[in-house]
Amino acid sequence: MSYDSTLTITVPASLYDTACAIARSLDPDSGGAASFGPRTTLDADGNEVTPESYTTSTPCTSEFKAQALAMLADPAVLCHAVSQDYAARWPDLTPPTLEQCAAFCAAVVVQVAFNAEIT
């Protein structure tokens with residue numbers, strides 16, 4: 001498998017819960033919901049703070065990149081894919097709604113980096 005790109009996705013703090021719910025589905029293993037990290041971090045003085053945005057990155061194949069970009073361009077496609085995955089893997093959890101997916105797609109900032117071939 002050739003990971004020829006890296007996707008970096010940044011969302012505003014207001015969409016943290018939605019981003020984690022979507023990432024749960026898009027990550028093929030069970031750690032996707034933690035992709036954006038903890039909700040709060042510690043500043044230099046040890047005080048708990050909430051970042052203004054959250055970012056995650058993943059190396060990916062051309063196929064995954066194309067699928068992810070297509071889903072991010074069409075909230076209905078994203079919502080359908082996430083809902084189907086939740087039904088198959090987490091039937092006891094409620095997937096993000098179309099409205100939540102639309103808000104996510106409207107606010108997400110995606111960066112694509114092309115890697116030297118990583119295998």
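Strand β4 contributes the most to the lining of the largest pocket, with 5 residues. The model is predicted: local features need pLDDT of at least 70, side-chain atom pairs count only at pLDDT 80 or more, and totals for chains, interfaces and linings use all residues. Residues are numbered from 1 along each chain as its sequence is written, and side-chain values use heavy atoms, without hydrogens and water.

The largest pocket has a volume of about 490 Å³. A pocket here is an open set of points on a 1 Å grid over the protein atoms alone, where a 1.4 Å probe fits, with protein on both sides within 12 Å along at least five of seven lines. Lining residues have an atom within 4 Å of a point. They number 21, and Leu26, Asp27, Pro28, Thr58 and Phe64 lie nearest the centre. Two or more residues each come from β1 (3-12), α1 (16-26), β4 (53-60) and α2 (62-73). Helices (H or I, at least four residues) and strands (E, at least two) are DSSP runs. The lining divides into 15 nonpolar, 5 polar and 1 charged.

Thr6 sits in strand β1. Its relative accessibility is 18%, so Thr6 counts as buried. Its side chain makes a polar contact of 3.0 Å with that of Asn115; such a contact pairs N or O atoms within 3.5 Å, one able to donate a hydrogen and the other to accept it.

Terms used:
Points joined across faces, edges and corners; volume = space filled by probe spheres on them. Nonpolar A, V, L, I, M, F, W, Y, C, P; charged D, E, K, R; others polar. Buried < 20%, exposed > 50% of the residue type's maximum accessible area, 1.4 Å probe, protein only.
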